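Here is a briefing on a single chain and its ligand. Look at the structure first, then read on by topic.

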Amino acid sequence: MDVFGLMASYDYGEVHFERDAATGLKAIIAVHDTRLGPALGGCRFLPYARDEDALIDALRLARGMTYKAALADLPHGGGKSVLIRPSNQHFDRAALFMAFGRFVDNLGGHYITAEDSGTGLEDMEIIRTVTKHVTGVDVSHGGSGDPSPFTALGVRRGIEACVKIRLGRDTLEGIHVAVQGVGHVGYHLCKELAAQGAKLSVADVDPLKAERATREFGATVVPLDHIFETACDVLAPCALGSALNDQTIPRIRATIVAGAANNQLAEPRHGDDINARGILYAPDYAINAGGLINVAAEVTGYDAEKSRLRTMKIYDTILEIAERSSKTLTPTYRVADLIVEEKLSRVHRSASQSQL
Ligand code: NAD
């Protein structure tokens with residue numbers, strides 16, 4: 001494996017590896033950028049076929065965190081950790097996460113961890129026993145709790161901004177939103193939208209979740225694949241990544257795509273395709289930052305109301321992106337990246353100026 005070549009291709013200076021034979025820990029901490037503050041990002045615990053896959057996952061995800069935190073004006077850089085889940089089913093989970101906590105602690109706060117795929121509150125509570133550089137801990141220990149309602153609030157605010165720009169409407173009353181995936185975030189998003197008078201269509205592979213949205217919010221259930229063809233104002237992808245691809249984009253009948261899912265564009269070029277179809281796309285990491293905003297608040301002392309107010313500002317971020325996109329004829333996904341890159345280069349310049 002060409003480790004330094006991989007680091008260069010993802011624009012990295014710093015990646016940490018740790019192996020602990022006693023617990024079976026094999027962990028990677030990727031620190032993408034710390035110009036705005038310590039790197040913050042979740043900890044994945046998944047089986048990987050090859051070490052290289054784990055490294056690429058960490059590199060890709062940590063870079064994404066840099067962009068998400070910077071755009072949300074958080075005092076954090078991007079980081080991510082990946083723990084390779086042992087193939088032996090009898091490993092001691094508590095011992096393994098304690099070893100990981102020591103690994104995090106050795107970085108002295110340069111990287112702050114949190115929950116991600118395959119990890120949960122109990123793991124963060126174990127990590128907390130050996131390091132203070134952890135978020136997503138229990139509410140009784142100053143934790144911020146379930147991030148989904150905050151993510152959903154931010155997505156609702158982003159949808160409101162898109163509706164203002166594209167449809168000239170100040171409220172969501174009567175706006176038809178098709179939600180793909182009504183799990184943690186999708187459910188709370190439906191609640192937010194229904195409270196604002198929106199009309200809902202939903203699709204979920206789990207029929208019980210779709211039925212719950214009908215029961216509680218009067219949503220119409222549509223067949224899984226039909227969600228893209230639903231004639232509506234807004235399509236909100238809230239399931240898995242890569243929802244926007246060569247197969248789905250030509251079928252979209254909404255004028256706005258704005259949802260919670262991470263990595264919605266299968267490839268960056270799909271952001272150009274959506275733009276070429278005249279659809280307003282709210283960049284995923286701009287609109288779904290509410291959960292990160294909420295968990296980041298733990299670092300300085302959690303205050304739910306402050307997190308809520310900060311999440312509400314996602315409206316302004318989406319408005320800024322959409323306005324700049326139409327002025328410069330640049331697709332929104334690219335505008336979001338440019339705003340972050342400009343912000344980071346300013347920090348870089350001011351840091352080097354202060355050394356002169
Ligand atoms: P979740 O697993 O609770 O919900 C996902 C839902 O999508 C599930 O109900 C699942 O059955 C459904 N689903 C899966 N494939 C589907 C398909 N093909 N069609 C329709 N439904 C499908 O996850 P979540 O926490 O709600 O997160 C949803 C998305 O938002 C993910 O991409 C996640 O990375 C992203 N996200 C979540 C948060 C958060 O606060 N939880 C924050 C930022 C981004």
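Ser242 makes contact with Asn263, Gln264, Leu265 and Ala266, leaving aside neighbours within four places in sequence. The model shown is predicted. Ser242 sits in the loop between β10 and β11 (256-257).

- Ser242 is not a glycine, yet its phi is positive, about 60°.
- Most residues other than glycine have a negative phi.
- The relative accessibility of Ser242 is 36%, so this residue counts as partly exposed. The cut-offs put partly exposed between under 20% for buried and over 50% for exposed.
- From Ser242 to Asp20 the C-alpha separation is 35 Å, and the two are 222 residues apart along the chain.
- Asp73 also has a positive phi, near 60°, in a residue other than glycine.
- The loop between α2 and β5 (77-84) holds Asp73.
- Asp73 is exposed because its relative accessible area is 51%, and the cut-off for exposed is over 50%.

**Ligand site**

- The ligand is surrounded by 21 residues. Thr151, His184, Val185, Asp204 and Ala239 are the closest.
- Asn262 brings a side-chain N or O atom to 2.9 Å from an oxygen atom of the ligand.
- Lys209 has a polar side-chain atom 3.2 Å from a ligand oxygen atom.
- Ala260 takes part through its backbone: a polar atom there is 3.4 Å from an oxygen atom of the ligand.
- On its own, the ligand exposes 830 Å². The protein buries 74% of that area.
- Two elements, α5 (148-167) and α6 (184-195), each give two or more residues to the shell around the ligand.
- By residue class, the shell has ten nonpolar, eight polar and three charged members.

- Ala236 is part of strand β10.
- Ala236 has a relative accessible area of 0%, so it is buried.
- Beyond four places in sequence, Ala236 contacts Val177, Ala178, Val179, Gln180, Leu189, Ala258 and Gly259.
- Ala236 and Ile287 are 51 residues apart in sequence. Their C-alpha atoms are 11 Å apart in space.
- Thr230 lies in the loop between β9 (220-221) and β10 (234-237).
- Thr230 is a buried loop residue. Its relative accessibility is 8%, and the cut-off for buried is under 20%.
- The side chain of Thr230 reaches the backbone oxygen of His226 at a distance of 3.0 Å.
- Not counting residues up to four places away in sequence, Thr230 touches His176, Ala178, Ser201, Val222, Arg253 and Ala254.

**Helix α10**

- Why does helix α10 (residues 290-300) count as largely enclosed by the rest of the structure? Nine of its eleven residues are buried.
- The buried residues of α10 are Gly290, Gly291, Leu292, Ile293, Asn294, Val295, Ala296, Ala297 and Glu298.
- These buried residues pack against β3 (39-40), α2 (51-71), α5, α11 (304-312) and α12 (314-328).
- Gly301 follows α10 and has a positive phi, near 115°.

**Whole chain**

- How many helices and strands does the chain have? There are 13 helices and twelve strands.
- The radius of gyration is 20 Å. A compact globule of 356 residues would have a value near 21 Å, so the chain agrees with that expectation.
- The C-alpha trace spans about 55 × 55 × 40 Å along its principal axes.
- Of the 356 residues, 53% count as buried.
- Among contacts with a separation of 6 or more, 66% come from residues 24 or more positions apart.
- The chain has an accessible surface of about 15,900 Å². Carbon and sulfur atoms account for 51% of that surface.

How values were computed: Residues numbered from 1 in each chain as written. Predicted model: local features only at pLDDT ≥ 70, side-chain atom pairs only at ≥ 80, totals over all residues. Heavy atoms only, no water. Near = heavy atom within 4 Å. Polar contact = N/O pair within 3.5 Å; in protein donor to acceptor, adjacent residues only side chain to side chain. Areas by Shrake-Rupley, 256 points an atom, 1.4 Å probe, with all protein chains shown as cover. Helix = DSSP H or I, 4+ residues; strand = E, 2+ residues; numbered from the N terminus. Nonpolar A, V, L, I, M, F, W, Y, C, P; charged D, E, K, R; others polar. Buried < 20%, exposed > 50% of the residue type's maximum accessible area, 1.4 Å probe, protein only. Contact = heavy atoms within 4.5 Å. Rg over C-alpha atoms; globule rule 2.2 N^0.38 Å.
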